[in-house]
Amino acid sequence: MSILSCDNISLILGGRDILKNVSFKAENAEVLGLVGPNGAGKTSLFEVLCGNYPPHSGSVVLDGQSLNSKSFHERVKLGLARTYQSPVVPDSLSLEDIFLAARKAYKPHLSRHTAEWATSMVNLEVNWKTPASSLDTFNRRKLLMACLLMRKPKVLLMDEPASGLINTEIDELDLILRKIVDELGIAIVLIEHRLELVSAIANKVTVLDLGKIIATDFSDRIFENKVVKEAYFGT
């Protein structure tokens, strides 16, 4: 059974069709890549999944439960987690303060041990007294992932997690995501322009163009699709 699915999602903003009858399914312990040229509607689709943009039509289901009437906060409690393109953290706080806030965000409150476990999952090797303002881009991403993993979500939506990272960091990110999927059974839906990461880690890839899904296939052959080449690479 799919852990996350959306069915015939259409989104209209400012009189423009942003998404047109978009449907996909993500399975447990699977990485689903979501790619396409700029303006294809990828991030807008995440906004619909999170409840920030109400769709014109269609439905979103998480673990058998409709999310259509749920707020973002309610969706989080049901097991939906999300990272953003820019890893924004509270610069005035230390890591310890941030983990405390994440542990106490809503009931049940979590123990410090849970936060320590989450940091080990993402290889965050930074003293907890360190101010968040001093973290580099990759450690900011790790910090945010750790805060989300403490609640053991069912689905993790990731919007360009490799943005701003160098090649060695992308290799480490690859290993972290594999670990999350393999050990926790979490489904990851991954928006990413670094196609080498998508090809390496995604089980399946869905391609959006101009608000429509134009192809879904296994990662080792999706980019050989003629329609995908024309839309994504312009050739």
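**A buried aspartate and the overall fold**

D209 is buried yet takes part in no salt bridge, and the nearest side chain of opposite charge, that of K42, is 8.5 Å away. This holds for a predicted model. D209 belongs to strand 9, which covers residues 204-209. When neighbours within four places in sequence are left aside, the contacts of D209 are P37, A40, I214 and A231.

The protein as a whole contains eight helices and 10 strands. Its radius of gyration is 18 Å, and this agrees with the value near 18 Å that a compact globule of 235 residues would have. The C-alpha trace spans about 50 × 40 × 35 Å along its principal axes. Of the 235 residues, 49% are buried. The accessible surface comes to about 11000 Å², and carbon and sulfur atoms account for 49% of that surface. Among contacts between residues at least 6 apart in sequence, 69% join residues at least 24 apart.

In soluble globular proteins, nonpolar side chains tend to be buried together. The largest nonpolar core in this model has 50 residues, and the members that touch the most other members are F99, L143 and I188. Leaving out residues up to four places away in sequence, I188 touches E30, V31, L32, L156, M158, L177, I180 and V181. Another core, of 28 residues, lies apart from the largest one; its members include L45, V48, L67 and I191.

Some backbone features were found in loops. K107 and P108 are joined by a cis peptide bond, with omega at about 0°. P108 sits in the loop between helix 3 (95-103) and helix 4 (112-121).

A29 is not a glycine, yet its phi is about 55°. This residue is placed in the loop between strand 2 (16-26) and strand 3 (31-35). With a relative accessible area of 38%, A29 is classed as partly exposed. K152, also a residue other than glycine, has a phi near 50°. The loop that holds K152 runs between helix 5 (137-149) and strand 7 (155-159). K152 counts as exposed because its relative accessibility is 56%, where the cut-off for exposed is over 50%.

Methods:
Residues are numbered from 1 along each chain as its sequence is written. This is a predicted model: local features need pLDDT of at least 70, side-chain atom pairs count only at pLDDT 80 or more; totals for chains, interfaces and linings use all residues. Side-chain values use heavy atoms; hydrogens and water are left out. A nonpolar core is a set of buried Ala, Val, Leu, Ile, Met, Phe, Trp, Tyr and Cys residues joined through side-chain atoms within 4.5 Å. Buried means under 20% relative accessible area, exposed over 50%, partly exposed in between (1.4 Å probe, protein chains only). Contact means heavy atoms within 4.5 Å. Helices (H or I, at least four residues) and strands (E, at least two) are DSSP runs, numbered from the N terminus. Lys and Arg count as positive and Asp and Glu as negative; His and the chain ends are not counted. A salt bridge is a side-chain nitrogen of Lys or Arg within 4 Å of a carboxyl oxygen of Asp or Glu. The radius of gyration is taken over C-alpha atoms; the globule rule is 2.2 Å times the number of residues to the power 0.38. Accessible areas come from the Shrake-Rupley method with a 1.4 Å probe; for residues, only the protein chains shown count as cover.
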